[in-house]
Every structure is written in structure tokens, then in C-alpha cells.
Amino acid sequence: MKNILILGSGTAGTIMANRLHRLYRWDVAQGTVRITVVDQDTTHVYQPGLLFIPFGVYQERDVLRPRRRQVAEDVRYIQSAIRSLDATSDTVVLENGDRLSYDVCILATGAHLAPEETEGLLGDEWQKSIFDFYTIEGATALAARLQSWPGGKLVINVVENPIKCPVAPLEFAFLADWFFTMRGMRDKVEITYATPLDGAFTKPICSQRLSYLLERKGINLVTEFNAGSVDTDGMRLLSWDEREVPFDLLVTIPAHKGASFIAGTPGLGNDMNFVLTDPRTLQAQLKPNLFAIGDATDVPASKAGSVAHFEAEILTDNVRRFLAGEPLEPAFDGHANCFIETGFDKALLIDFNYEVEPHPGKFPIPVIGPMTLMEESRLNHLGKLAFKWVYWNLLLPGYDIPGIPPQMSMRGKQLVTAAESAA
């Protein structure tokens with residue numbers, strides 16, 4: 001029997017379990033292949049929906065479902081924390097001491113927030129005047145605070161990269177502008193976006209072409225701000241180079257780290273516990289029968305659901321190739337696409353990969369679209385909202401999305417340079 005072990009049943013792990021089950025359905029039924037998923041959590045969170053909870057667009061019930069129900073029935077599901085991974089003996093040790101052996105192990109253990117990495121962040125003001133929205137607890141607490149907040153200095157800060165969904169902090173700033181405008185109190189709120197990057201967006205062309213959005217919405221931009229600590233007595237966010245940003249309400253995107261057990265396997269991860277991974281094949285660098293996917297990897301692609309989906313199409317075939325003794329296909333190109341909410345029922349859409357930055361154009365069909373790239377539209381906003389249905393019914397079950405291949409296509413894109421965008 002071939003044992004395929006998947007560690008983690010978030011977005012990436014669930015997609016992989018379902019795609020591999022579809023690939024090996026008959027082998028699983030005949031007992032020649034066993035697919036096992038291990039995860040310590042019982043609840044699956046639709047993470048893109050957390051952005052909308054602070055503003056009352058979604059409620060907690062809109063983003064939560066049982067994890068076990070998202071995985072095919074005859075995939076073995078074990079609810080447990082992971083104590084360690086022994087790459088030498090090809091075994092994983094669970095929290096209770098049980099050992100699971102594997103022929104292939106896929107690390108889909110994601111990324112978690114590490115607010116403790118920033119001095120003062122978890123002080124007396126945590127969930128009073130300092131909040132995150134990347135967890136269900138943080139998003140719901142922030143929703144309650146925004147309902148009664150009288151206004152003042154609102155600061156959105158990315159502590160350091162990489163983070164899950166790199167555009168979500170900007171989306172929060174845009175939605176805050178909309179939210180307070182609709183409440184008739186936008187003039188009472190000063191919004192500041194503080195980022196360690198040298199621009200608002202992670203991609204230079206986006207920063208140059210789309211920076212007008214922050215100016216139009218009256219959002220202050222503080223760049224190259226590397227947050228070192230929080231002074232809760234003085235209500236100040238302090239950078240390592242001794243700059244400061246005062247706040248009345250701080251929305252933080254803390255540092256992210258990979259699963260803690262990864263640190264216990266020498267050579268498996270980097271200093272933030274993200275798995276050292278071949279960016280094209282998604283094979284872990286430590287050993288050929290280890291693979292990684294989604295937020296757990298150190299590949300230079302966005303930690304986003306669309307990336308996990310595109311990676312899964314490539315990785316499913318590479319797992320098959322590995323078990324069949326065939327060479328792996330270096331087919332993943334870093335493809336990512338995402339909607340960016342800009343408020344007032346509009347959104348942007350961007351599509352890019354390792355080598356190619358976002359460009360304007362039509363998506364997914366050249367000329368026809370119907371989506372526009374790098375331009376605000378109501379249709380893009382509706383696409384963002386519709387993605388929740390796509391996520392539960394196509395993405396997680398591991399189906400291909402019609403018309404959107406795993407590799408990025410240049411068809412329909414209008415190539416521009418950074419200089420042209422600046423002009």
C-alpha cells in the first residue's frame with residue numbers, strides 16, 4: 001500500500017486531499033493507496049471573508065464550516081496536533097505519541113500569526129485599541145469596536161512580509177474609507193497605511209499605476225516602515241529606525257510563521273518555519289518524498305487561495321509522477337490572481353506570476369473579458385463576492401476552474417513598463 005500523508009486541512013491541504021482522492025479513487029477503494037489528512041482544528045475558515053466581517057458585510061456564520069466535511073469521505077481524517085516529522089524514517093509523530101508512516105508527505109500546514117514577535121503588540125490594548133482581522137476572533141472583536149468607535153487616527157500596519165493575502169491590508173484601508181463615509185463620519189477619521197514596502201502594493205507596476213486610489217480616498221501612506229514595537233502608553237507604533245506613527249485604533253497584520261514542528265526537523269524550513277521548497281516542482285529541498293504547498297512554502301509567490309489552487313494542479317501530477325518513478329515537471333510559474341476591494345461596490349483584479357507583474361487587459365477571455373484587469377469595476381466587486389461560492393463548491397473540492405489554467409496566460413494583457421505606469 002502507498003501511504004500519502006497530508007499535514008494540514010486548510011485551503012491547500014483540503015484541495016490536495018480531494019484532487020488526489022479523485023486521481024486515486026479506485027486505488028483507495030481497493031486498498032492499494034491510503035490518503036490521510038492530519039489537522040488539529042475542527043473548523044474551516046473562509047479566510048477571504050474575514051476582511052468583510054469588521055464592516056458588517058459578512059457574519060461569523062458566513063465563513064465557517066466543519067473541516068471534516070470538506071474532505072472526501074474515504075480519505076482518513078485525524079484530528080491532532082503534530083509533534084514532529086522524522087524525515088529519516090519517513091514518519092510523523094502526533095501529539096499523543098502515535099506514529100504515522102508515509103511514502104509521500106505533503107506539508108500544507110499554512111501560516112499563523114505571531115504577534116508575540118513584536119514588542120508591546122500583545123499588551124493591555126490588545127482587542128481594545130489594537131486588533132487583527134486575520135483571525136475569526138480578531139475580525140469579530142474589531143467589528144464590535146468599529147460600531148461604537150467615535151473616530152480618530154486609524155492606522156493599518158503590516159509588520160513584516162510574507163503575509164497571507166498581501167492585498168488584504170490595503171483592501172481594509174479602502175473599505176474603512178467606504179465604511180466611515182457611509183456612516184457620515186469620514187471627516188472624523190484619519191486613515192494611515194504603514195507598510196515595510198517602498199510602495200502601497202507588493203508589485204512596482206501596481207504601486208505606480210494604482211497609487212491614485214490612496215490619494216483619492218485621502219489615505220496617508222507611510223512606506224519603508226519596519227515596525228519594531230508598540231508603545232501602548234503613548235499610543236504609538238514605533239519603527240526600528242525610530243520613526244513613530246500615533247494611533248487611536250491600530251489594525252495590525254502581525255508577523256507570520258510556519259508550523260512550529262518544522263523547526264524541529266533540521267533542513268526542512270527557514271528561520272520563520274516556512275518549508276524550503278523548489279519553486280517550480282513544489283518538492284521540499286530536504287528529501288524527494290516531501291512536498292509543500294500553499295502558505296507553508298517559502299516560494300516567492302503570494303500566500304493566497306488562488307495560488308494554492310494553481311499549485312495543487314501541478315503538485316497532484318508531480319505526486320503521481322513521483323510514485324510512478326517518473327521525473328517531476330517544473331511547471332509551477334508562481335501564478336496568482338486576486339480581486340482587490342476598493343469600496344463603494346467596486347474592485348480591481350490582478351493576474352501575475354513569478355516573472356510577470358500585473359498588467360491591464362481583459363480576463364479570463366481576451367477582448368471579451370468580462371473582467372477588467374487593473375481597473376475598478378462593479379463586475380470585479382461582484383466577482384469578489386461570488387468567489388465565496390467558487391471557493392466552497394469548486395476550489396476546495398479540487399475541481400479545475402473553467403477557462404483559468406494553472407500557468408498564467410499573456411493573452412488579453414496590454415504590456416506596460418514601470419516607466420509607462422508612472423507616466
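**Labels and cut-offs**

Author: The structure holds 19 salt bridges. This is a predicted model: local features need pLDDT of at least 70, side-chain atom pairs count only at pLDDT 80 or more, and totals for chains, interfaces and linings use all residues. Residues are numbered from 1 along each chain as its sequence is written, and side-chain values use heavy atoms, with hydrogens and water left out.

Reader: What makes E355 and R280 a salt bridge?

Author: The term needs a side-chain nitrogen of Lys or Arg within 4 Å of a carboxyl oxygen of Asp or Glu. For E355 and R280 the closest N and O atoms are 2.5 Å apart. The pair therefore qualifies. E355 sits in the loop between β22 and β23, and R280 in the loop between β19 (256-257) and β20 (290-292), so the bridge ties together parts 75 residues apart in sequence. Helices (H or I, at least four residues) and strands (E, at least two) are DSSP runs, numbered from the N terminus.

Reader: Why is E355 called exposed, and why is R280 called partly exposed?

Author: Buried means under 20% relative accessible area, exposed over 50%, partly exposed in between (1.4 Å probe, protein chains only). E355 has 54% relative accessibility, so E355 counts as exposed. R280 has 28%, so R280 counts as partly exposed.

Reader: How do you know that D177 and K217 form a salt bridge?

Author: Their closest N and O atoms are 3.9 Å apart. That value meets the cut-off, so the label holds. D177 is in helix α4 (residues 168-182) and K217 in helix α6 (residues 212-217), 40 residues apart. Both D177 and K217 are buried.

Reader: Why is R378 called partly exposed?

Author: R378 has 48% relative accessibility, so R378 counts as partly exposed. Its side chain meets that of D345 in a salt bridge (3.5 Å, N to O). D345, at 40%, also counts as partly exposed.

Reader: What makes the 200 Å³ space a cavity?

Author: On a 1 Å grid over the protein atoms alone, a cavity is a set of points where a 1.4 Å probe fits but cannot get out; lining residues have an atom within 4 Å of a point. Grid points are joined across faces, edges and corners, and a volume is the space filled by probe spheres set on the points. The largest cavity has a volume of about 200 Å³. Its lining has 22 residues, with C165, P166, V167, F201 and T202 nearest its centre.

Technical notes: On a 1 Å grid over the protein atoms alone, a cavity is a set of points where a 1.4 Å probe fits but cannot get out, and a pocket is an open set with protein on both sides within 12 Å along at least five of seven lines; lining residues have an atom within 4 Å of a point.
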